[in-house]
Amino acid sequence: MLTIGVLASGRGSNFQSIIDEAEAGRLKASIKLLVVDKPDAYAVERAKKHSIEHLFINPKEFPSKDDYFRKIAAELKARDIELVALAGFMRIVRKPLVDAFPNRIMNIHPALLPSFPGLHGQKQAADYGVRISGCTVHFVDEGMDTGPVIIQAAVPVRPDDTEDTLSARILKLEHKIYPEAIKLYAEGRLRVEGRIVKIAGCELKDEYIVNPPIG
Ligand code: GRF
């Protein structure tokens, strides 16, 4: 069974969506560890409720960012984690972690990458005036939201949308496509070729756009 480690900084609703799919038996995975960079991250409460080990690793205790991510990588490796899922983790992952888990770190971003990377993807989209936005699950490299795209889902942006209303619409899809992408990984159906992710036997679903549609 796939072993997963999750990194989060806050609310953890995406973390919850992964827990729920695993507990329902639809995702054949075991979430073994939650790492947070903030002691009061609500994600910790979720971990406690579901008896998932959690660690607060304080970035202030490390001389450099690389040292911080080396420590996180060591904790994940010590637990034989195979896939790392960033779930609202508000830091750019550094080389020691990326190198320890090549194409084995995923992230969910609340915009259709490469549009609107970085913070507040939903607000950036609303402010720009795009008609369609959405969310992206991608593999993580050392850039900011630049790694190979696994799944994207699109939603309309309405003229009266605020950051909050658009975020809520996007979040519903985040909770679908993130566990879905992890499921594809768990089933061994993802193959990364350069920056293209091939999905074996992938069906195009009406409710979101899968990129690429056919593996
Ligand atoms: C989500 O919108 C996610 O796309 C972004 O940060 C937010 C985290 O929300 N990376 P949650 O902590 O998973 O509820």
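Student: How many residues of domain 1 are in contact with how many of domain 2?
Tutor: The model is predicted: local features need pLDDT of at least 70, side-chain atom pairs count only at pLDDT 80 or more, and totals for chains, interfaces and linings use all residues. Residues are numbered from 1 along each chain as its sequence is written, and side-chain values use heavy atoms, leaving out hydrogens and water. Domain 1 is 1–101 and domain 2 is 108–215, with bounds from an automatic or database domain assignment. Contact means heavy atoms within 4.5 Å; the counts are 22 residues of domain 1 and 16 residues of domain 2.

Student: What area do domain 1 and domain 2 bury between them?
Tutor: Buried area is the accessible area (1.4 Å probe) that two parts lose on being put together, summed over both. The domain centres, taken over C-alpha atoms, are separated by 20 Å. Carbon and sulfur atoms carry 70% of the buried area. The total is about 1600 Å².

Student: At what angle do H1 and H6 cross?
Tutor: H1 is residues 13–23 and H6 is residues 163–186; helices are DSSP runs (H or I, at least four residues) and strands are E runs of at least two. Axes are fitted to C-alpha atoms over the stretch in contact, with angles from 0 to 180 degrees between N-to-C directions. The two axes come within 9 Å and cross at roughly 50°.

Student: Which residues of H1 meet H6?
Tutor: On the H6 side, the partners include Leu171, His175, Tyr178 and Ile182. From H1 come Ser13, Asn14, Ser17, Ile18 and Glu21.

Student: Why is H5 oblique to H6?
Tutor: Angles under 35 degrees count as roughly parallel, over 145 as roughly antiparallel, 65 to 115 as roughly perpendicular and the rest as oblique. The H5 and H6 axes come within 9 Å of each other. H5 is therefore oblique to H6, as their axes cross at roughly 120°.

Student: Which residues of H6 does H5 meet?
Tutor: H5 contributes Gln122, Lys123, Ala125 and Ala126. Their partners in H6 are Glu163, Leu166, Ser167 and Ile170.

Student: Which two residues does a cis peptide bond join?
Tutor: Most peptide bonds are trans. Here omega is about 10°. The proline lies in the loop between strand S5 (105–109) and helix H5 (121–128). The pair is Leu113 and Pro114.

Student: What is phi of Phe116?
Tutor: Most residues other than glycine have a negative phi. Phe116 sits in the loop between S5 and H5. Its phi is positive, near 55°.
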